[in-house]
Amino acid sequence: MRISLIALIFLLFVSVLSAAETTAVAEHVDTFLVKYCLDCHDADSEKGDINLDFLKIDWSDPHAAKVWAKAWDMLDGGEMPPEDKAQPSAEERAEVVAWLEAELLKHDRPGGTVLRRLSQEEYENSVSDVLKIPFKVPESFPADMASHGFDNNGEGLVLSPPLMAQYLEIATAAADSVLPPPVEQRRLKKETKLIGPGDFTLNFTTGHEIDGVLRMALSSDPLGRASVWPNRFEAKVAGVYQVKIDLSAFEVGEDHVPVVHLLAHAVAGNNYAKANTLKLLAEFTVSADKPNTFQADVELQRGETVVVHYENAPLSSDQDKARKWLPRLAAQLTDMFREDPELGAAWMKAGYQRSDRGWNWLERIEAVRKKGGLDVEGFDPDSPEVKEFALKMARQSVNLVETMSCYRFSTGPCIDIHRMSVTGPLRLIDDNEEIAQQKITARFLGERDGRDDREYAEAILGPLLEKAFRRPVTEAQLGKYVGIAIEHQEQGNRFEDGLHLAVRAALCSPNFLYRGQREGQLDDFDLASRLSYFLTSSPPDAALWKFASTGELSDPKVLEAQTRRLLKHNRVKNFLSSFTGQWLDLRLLPDIMPDTRLLNWNDKDLKAVTEETELFVAEILRKNHPIETFIDPDFTYLNKRNAKLYGIKHPNSDAMKRVKIEPGGRRGGILTQASVMMATANGVDTQPVLRGVWLLENILGDPVPEPPSNVPAVEPDTSGATSIRDLIEKHTADASCAGCHKKIDPPGFALENFDPVGRWRDHYPVYEKVGDKVVRKDGLAVDALGTLHDGTELRDVTDLKRYLVENIDVFGNCLAEKLLIYATGRNLGFGDRKEVERIVEQVREDGNGFQDLIVALVLGDAFRVK
Amino acid sequence: MKRRHFLRSSSLALSLPLLESVRPLRAEGVAAATAPVRRLVTVGTYLGFHTPSWFPKASGRDYEMSPVLAPLEDLREEFSIFSGLDHRAPNGHKNWSNFLTGKGTPGVSFDQIVAKQIGDQSRFESLQVTCGSPGNGQMSYTKEGIALPAIGRPSVLYGKLFSSDTDKARMDYILESNGSALDLVLDEAKALKKTVSARDAEKLDEYFSSVRDVEKKVQKQRKWLGVPTAKVDFTLPDYDPVAPDLSLECEGIMYELMALALETDSTRVISMLVPGQGQVFTIDGEKLSAGYHGLSHHGNDKNKIAEFNRVGTEHVTRFGEFLRRLNEKKDAEGRAILDSTAVLYGSGMGNANTHDNSRLPILLAGGGFRHGVHHAIDRKKETSATPLLGDLYLSIMQSMGVEEERFVKATRNMNDFIL
């Protein structure tokens, strides 16, 4: 007995050791391999890069788990051995599958995320949160590579020298924005700038130089349409300036008193900014026809100049939405004709010709007047003919207004600028930019409260480092950072410079840039990080931090509550756009140009189809709809653009609206949305293989390997004589191709009714040249029939939808795996996938809500272990 | 205001490092290092030109120079003209950006493809320049289709290129203190390496090698700052001519700064958008009768065309000065900078009057290419061999060691025309 006990203990000891490192391949498994597998999958042939010729499995080799998991997939799924080779009996297969499964579950446990650096989006949000300032990386920042479909995958997130150099540069710039270098003292140097009538910038007919003055006749709102400003003056410092301007009124009559506004405008700003949005510096009433000097002391910020605007000029090119401007302008034109009937007669004769505008139109009309022979007597401005003519002219809007202003320059009402001068700065004022910066710095530093330099630095750097490193810092760590700050100060620099240095270091520290430093079960802080970056692409907020600090976050109830809270947070849009954009390949869309024979495509159309999918997925999340909704919903989001694409009646508006649709039909769900159809085509043709592969990868969760390298791409027959199905029939004819293609082609063909931009078609198009136009004709009929490996027949997408809903776990597993890959930043191992299967089943039994699925994944082992 | 007005010798000298002692901060890619063309400048006018007055009537060599291109007569052998090229892109002002992107909805622009490959050899990967406010025009786009902002103020471009002594002092201070920061984070990484798994330790090695690489780069940058400088005379005016009616003046100054940027190897890729809005220009003391935009919609009115051409000639005059500058300035091997700089001049708008973006005005100068010819591409008898503008871009890229096989719809090249 005792000996047996010792032997038992010894065996246990040895087996524990082996379990950690290597497993001997069981005898019955070895026999099976030799009989059914090794012909193709030994070290020499290594078909599909799979070599199973081992007597022992060394689990410390990361490759081993992948290979044996693949073998398990193939055996369990019945895909191996291939149909044309000897098949094992059901029992033989089941025994080997069971043995492999047990070994894999023991050795390929959930987990395995490698040390992960922050992705670009995560980095941006983290810097923003740490320094409490909005922050975006510069254009030259290297983009992340996607690995396994997502750009936040640990393996794919490499740190290279150019990236590190960028991090350092950015750290400096970010530190500058909270702790700027000392500002040069602004010096008060009073200067006077003289501005004559020729020294103003003019656009269109905003002004007219005549008789030594600059004459203005318009009051339109956009600066570039009616206002003038000096072309060589801007305030060099923020200060008070004295503006003098000599103004007179020109032929304004008795009832009109011109009002002139001086406005502040940044010279580098938008030259079509609206006058009524700018700061009013002074208002003058100009009634005299002789020049008077008007004067005002005004405040100008650095970079601003003084705009002159004839605020109440009767003539303006502004248009109101109610279209009252049209009859009003026509009436003004008729008034002009009343003043000058000969002008009216000449204008009616001259009419409007293309590119008549401003001076050249007026000159053409004056030429007609000069020629003579006009019936001035018979010209009646109140007649319906003249009224109609005036309305017709008014439709020329800006062109007419400019021409009328040219006429007004000789008749009035106008204002004349004789000269202007700006003297200053008389005294300095707060520079708005500097004030804003001071506020940012003050908020960053917080109150000193009488502390000495070291204590003050600790009070600032302590919370900063915690926020940056996403966990409490040790005294030693804090001491190091405070140390270099104080040391730097002692070398003769400012206190702020020391902090600046510490901030630079913190933003380059591996503790900031990398997540997941601890193996095994995630502690509360790592859990908070992972959850937060998963659902918001940013570091944990105060609430998450609190639960992590008290150790409560690992309590499933708290973890669930926090997950649900974040799912409702407005930052969940980061998750939605990043996850959906990558999972459904929406990020590819801007590069895909539809064939212009198919349609006129512009940015607004792109926006419509992208927003449809984004809003759709956002609702599924927000309302916790069951995941079947992805496949077969009763709603979608449309505006006039994608509605037109789908042939659905919709109001003529660009606003996205939620719209009900019939479930089970051709429209509805991601398998029918234009965005997905576009992303899985190339703008010109569809390729069933491409769509099939995409479906297997992203919907069915059954990805296939790359095709052999010597297979050429299919060139579609644009004459339409041969169908795409005929062209790829080799897939089914050749046994070595059929292995994968019997999985790929059927679902791909089910989507063939969607053209490269997502419109439904029953026939392939053929394009013919008729005369000098290209005409679209119907070619061969679309044959979308496909038979799945389990015998299910799919006639078109509606059958595919039904199949997926009836077998919802297929999609559920795929979606859950994608979510988990995205959340954990690793490729899933066997243990991960098995857990996902359990979770998907459980969630389905509880109603299959999308939020519930995410919660269940978060509460599972795969998420909670590194 | 003419350029000579403000180019006076003054006590304010420009700091330029002697080119011989400037070593590139990283090892050049082999292809790019031996490529004959090292720099790319692209210039586009937003409102285009009156192409019948811009294109010479005859093709081949010895063509009679067109009226608008007359200022370039003495530079005839330094450039080639191409008529009939475009990207087959959509029309309209909004699609002006097709000039460098080759299509309607924006994608990466030609200059940015080049910048991404050779940009790390100079201080700035690329520069985007305009004259005052750019208005609605956008020229250079990133891979994600994001328009890059352009610098429109001469004082800002000047400040970016030529640091004052205070700037240099601060740069050196930052570089020096970076050393302490990097020491600290390396210590942290060493401590971290002791606690992580073997697999993670491997990942951390990326961090170590990257930080050490940056430390070396910092040393090099400090040396670069300390290099003695040559004196060059250049003065900015005391105001920035950013008012719309001064954009021609601004254009001249920007060309000067661009030439200096290339000479100092601050960058090797520059794009300039010459904007056009409603401004009323004063040329030779005379105010034009209409705003620039109004002139571009000349409706075939003779007088408007004449005035539109006056503005066009002003643009071309300044461009000619720029080419002469590049010919005067020498690189480290003593050759004219123009010889190793490809300069593309034109517009994304073919006919501003009708908003047609086909048959763009295209002029290619420099780069050591074969010049002196007006290549008239026949668009009446189009075949699949008819070159696209993108094919010209592919040729330019290839001569820069940038291997691209496709530019939107173009998949060939125009080497036969320019080599």
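Select Arg199(B) and Glu155(A): they form a salt bridge, with the closest N and O atoms 2.8 Å apart. A salt bridge here is a side-chain nitrogen of Lys or Arg within 4 Å of a carboxyl oxygen of Asp or Glu. By that rule, six salt bridges cross the interface of chain B and chain A.

Next, show α6 (165–195) and α7 (198–226) of chain B, the elements that give two or more residues to the side touching chain A. α6(B) gives the most, with 13 residues. Helices are DSSP runs (H or I, at least four residues), as strands are (E, at least two), numbered from the N terminus.

This is a predicted model: local features need pLDDT of at least 70 and side-chain atom pairs pLDDT 80 or more, while totals for chains, interfaces and linings use all residues. Residues are numbered from 1 along each chain as its sequence is written, chains are lettered from A and ligands numbered from 1 in the order written, and side-chain values use heavy atoms, without hydrogens and water.

Now select the whole contact (heavy atoms within 4.5 Å). Chain B supplies 64 residues and chain A 69 residues. In chain B, Leu184(B), Glu188(B) and Lys203(B) lose the most area to chain A, together 11% of what that side buries. Buried area is the accessible area (1.4 Å probe) that two parts lose on being put together, summed over both.

Chain A has 34 helices and 21 strands.
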